[in-house]
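Take a walk through this protein chain with the structure open beside you. Find each residue as it is named, then look at what surrounds it.

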Amino acid sequence: MELAPKQRLASGFDLKMIAIIAMTVDHVAWTFFSFSTYPLAATIMHTIGKLTFPIMAFFIVEGYTHTRSVARYMGRMALFALISLLPFVMLFGSWSYHNVLFTMLFGLCAIQVYEKPLPDAWMRRLEAGGLPQAVKAILPAASRVVCLLALEAVSQFTDWSLMGVPLILLMYVMRHKGRMMRTLIPIAIVLGFAFVIGALQFIGMYAERGIVNAGDLLNLGTMLGMLLTVPLLARYRGVRGRNLKYLFYVYYPAHMMVLVLLRTLITGG
């Protein structure tokens, strides 16, 4: 059945362009519009920025399910994560956490671990070995849990911290659900996790200092912007659109260097 004009589908290219624009708005806000100085502008811009990661997480899942080589996919992402390392540090001024391509790489690894907790060669040796059946049954599951926990632990030092890898993995697990539910459920779970962690942090901050930073509260509230991606992604039906495979990978470090240059020219630092 043909869709009405207002229900026209979104291609992969369309959605990735939305993600790129939202990311740029978010990074402009981090560069020039602090919550303390421009609370309204910062809140609006960061809420828009929260569109980016759910869309990219969705396409990590799409990429995994359609790629001819998971290893090459991971290698390409690792390469651009390393290329983006210095631009990210220059823009955000910290070596304590790293760019979102690392988060996406760890999410991709999490999907692979979920599907194949042990390499095929190890599985064949395990089946051929003389281990008890109980051990043969438990070992892959135990390996899956340990590896996923390790990926989650490492991801806390990347953009989107502890929320990025679970969102990608949940979108993969839920990929066969309805068009709305396959994104709404993972996003709702991650949002719940974010607000619980945020509440605990604010409680600790208030207990220690007697105040809660208003900017941190506003920043947490912008997480609700993730929900805006649900109706957008529901319009995707697997149509790729324009094939600009490396657009995001190239744009990501390039736009950060442009922002660093603009900040230097405008503020001198």
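Start at the loop between α8 (133–155) and α9 (161–173), where Trp160 is found. This is a predicted model, and every value below was computed from it. Look at the backbone of Trp160. Its phi is positive, about 75°, although Trp160 is not a glycine. Is Trp160 buried or exposed? Its relative accessible area is 15%, and buried means under 20%, so Trp160 counts as buried.

Now step on to Ser161. This residue belongs to helix α9. Ser161 also has a positive phi, of about 45°, and is not a glycine either. The relative accessibility of Ser161 is 28%, so this residue counts as partly exposed. Another positive phi sits elsewhere in the chain.

Helix α1 spans residues 12–32, and helix α2 spans residues 39–49. The two helices pack together with their axes 7 Å apart. The angle between them is about 145°. The crossing of α1 past α2 is left-handed. Which residues make the contact? From α1 come Ala22, Val25, Asp26, Val28, Ala29 and Trp30. From α2 come Met45, His46, Ile48 and Gly49. Sort the residues of this contact by class, and you get seven nonpolar, two polar and one charged.

Which residues does Thr43 touch, leaving aside its neighbours within four places in sequence? They are Phe35, Leu218 and Thr222. Look at Leu218 in particular. Thr43 and Leu218 are 175 residues apart along the chain, yet their C-alpha atoms are separated by 6.4 Å.

Val239 gives another pairing across the sequence. This residue lies in the loop between α12 (229–234) and α13. Val239 and Leu9 are 230 residues apart along the chain, and 8.6 Å separates their C-alpha atoms. Not counting residues up to four places away in sequence, Val239 touches Ser11 and Gly12. With a relative accessible area of 47%, Val239 is partly exposed.

Now move into helix α12 itself, the place of Leu233. How much relative accessible area does Leu233 have? The value is 0%, so Leu233 is buried. What surrounds this residue? Beyond its neighbours within four places in sequence, Leu233 is in contact with Leu15, Pro54, Ile55, Phe58, Arg182 and Thr183. Leu233 and Met74 are 159 residues apart in sequence, and their C-alpha atoms are 24 Å apart in space.

Go back to helix α8, where Val154 has its place. Val154 is partly exposed, at 39% relative accessibility. The C-alpha atom of Val154 is 9.1 Å from that of Thr103, a residue 51 places away along the chain.

Next, look for cysteines. A disulfide is a covalent bond between the sulfur atoms of two cysteines. How many disulfides does the structure hold? It holds zero. Cys109 is in no disulfide, and the nearest cysteine sulfur belongs to Cys147, 9.9 Å away. A disulfide needs the two sulfurs within 2.5 Å. Cys147 has a relative accessibility of 30%, so this cysteine counts as partly exposed.

Last comes confidence. The pLDDT averages 91 over the chain, and 92% of the residues score at least 70. Which stretch falls below 50? Residues 1–6 do. Beyond near neighbours in sequence, this stretch has four contacts in the model.

Methods. Residues are numbered from 1 along each chain as its sequence is written. This is a predicted model: local features need pLDDT of at least 70, side-chain atom pairs count only at pLDDT 80 or more; totals for chains, interfaces and linings use all residues. Side-chain values use heavy atoms; hydrogens and water are left out. Buried means under 20% relative accessible area, exposed over 50%, partly exposed in between (1.4 Å probe, protein chains only). Axes are lines fitted to C-alpha atoms, for helices over the stretch in contact, and angles run from 0 to 180 degrees between N-to-C directions. Helices (H or I, at least four residues) and strands (E, at least two) are DSSP runs, numbered from the N terminus. A crossing is left-handed if the near helix is turned anticlockwise from the far one by less than a right angle, and right-handed if clockwise. Contact means heavy atoms within 4.5 Å. Ala, Val, Leu, Ile, Met, Phe, Trp, Tyr, Cys and Pro count as nonpolar, Asp, Glu, Lys and Arg as charged, and the others, Gly among them, as polar. pLDDT is the predictor's confidence in each residue, from 0 to 100.
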